[in-house]
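Open your viewer and keep the selection tool ready. We will go from one stop to the next, and at each one you select something and look around.

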Amino acid sequence: MPNHQHMDEQQKEAYDKALRDSFRVLMSAIKLLLILVVGILLYIPLKSDIQQWLSPKPVVKTVSNSGVQPNEEDFDKVENGVHLATGLKFAPGFEDVRANCTVCHSAALVTQNRATREGWDQMLTWMQETQGLWDLGPKRARILDYLAEYYAPEAQGRRASLDLQEIEWYILDLE
Ligand code: HEC
């Protein structure tokens, strides 16, 4: 660095100018840094808003004046032994069936079907072999008990057993 006392006027002016220039550069750098810091400080609290602007989530419209808002309570509502949201019989095993059998398709597929325990067993095996139904472990027996009990074939046990004394037998005339 040149010594002040030995500088002539021209050198001094050039030196001052260099000093002013580097001061200006320094100030610009500080300003830039400040803007950056303020930017970061503003960005952090507004982060989620900014992300929302950049990729807006679809707005879920809720029906506001229907008076019947779907809520947890309705979701678990049971009337006359039927779980309203799924239409499934509310009975032991219901939770297992709801948790495992309403994932891929509606519970209606269950409630609209009737089968014996064996029939249900075959249906579950079919779904496991072809539709990607997972291993149900110990829940399988509980689910089968439930299905066989509440979704048994309609006709089974419905007709009163024949009363042999009441029947009027006749001889079929085959001529
Ligand atoms: C991994 C997916 C998956 C799960 C979990 C699942 N299913 Fe299914 N299920 C299917 C598919 C796929 C079909 C065929 C749907 C169609 O035909 O439209 C089906 C069909 C059915 C049918 C109709 C069968 C027929 O012959 O029409 C019944 C009944 C059924 N499932 C009951 C159940 C029960 C009970 C459970 C719970 C143990 C269950 N499903 C869990 C995938 C699944």
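**Stop 1: the core**

Select L88, W120, L124, Y146 and L147: they have the most contacts inside the largest nonpolar core, which has 18 residues. A nonpolar core is a set of buried Ala, Val, Leu, Ile, Met, Phe, Trp, Tyr and Cys residues joined through side-chain atoms within 4.5 Å. Buried means under 20% relative accessible area, exposed over 50%, and partly exposed in between (1.4 Å probe, protein chains only). Now colour by helix: α3, α5 and α6 each supply at least two residues of this core. The largest share, 4 residues, comes from α6. In soluble globular proteins, nonpolar side chains tend to be buried together.

A word on the model. It is predicted: local features need pLDDT of at least 70, side-chain atom pairs count only at pLDDT 80 or more, and totals for chains, interfaces and linings use all residues. Residues are numbered from 1 along each chain as its sequence is written, and side-chain values use heavy atoms, with hydrogens and water left out.

**Stop 2: W120**

Contact means heavy atoms within 4.5 Å. Leaving aside neighbours within four places in sequence, W120 is in contact with V110, N113, R114, A115, L144, L147, A148 and Y151.

**Stop 3: helix α6**

Select residues 139-150, which form helix α6. Helices (H or I, at least four residues) and strands (E, at least two) are DSSP runs, numbered from the N terminus. Which residues of α6 are buried? They are R140, I143, L144, Y146 and L147. They cover an arc of only 160 degrees around the axis, so they sit on the same side of α6. That arc is taken from the directions from the helix axis to the C-beta atoms. The buried residues of α6 pack against β3 (88-89), α3, α4 and α5.

**Stop 4: the iron atom**

Select the iron atom of the ligand. Its protein donors are H105 (NE2) and M127 (SD), 1.9 to 2.0 Å away. Donors are N, O and S atoms within 2.8 Å of the metal (3.2 Å for Na, K and Ca); water is not among the atoms, so sites may look incomplete. H105 lies in the loop between α3 and α4, and M127 in helix α5, so the pair ties together parts 22 residues apart in sequence. H105 is partly exposed, at 25% relative accessible area. M127 is buried, at 17%.

**Last stop: the whole chain**

Zoom out. The chain has 6 helices and 3 strands, in the pattern α-α-β-β-β-α-α-α-α along the sequence.

Terms used
Expected span 1.5 Å × (residues − 1).
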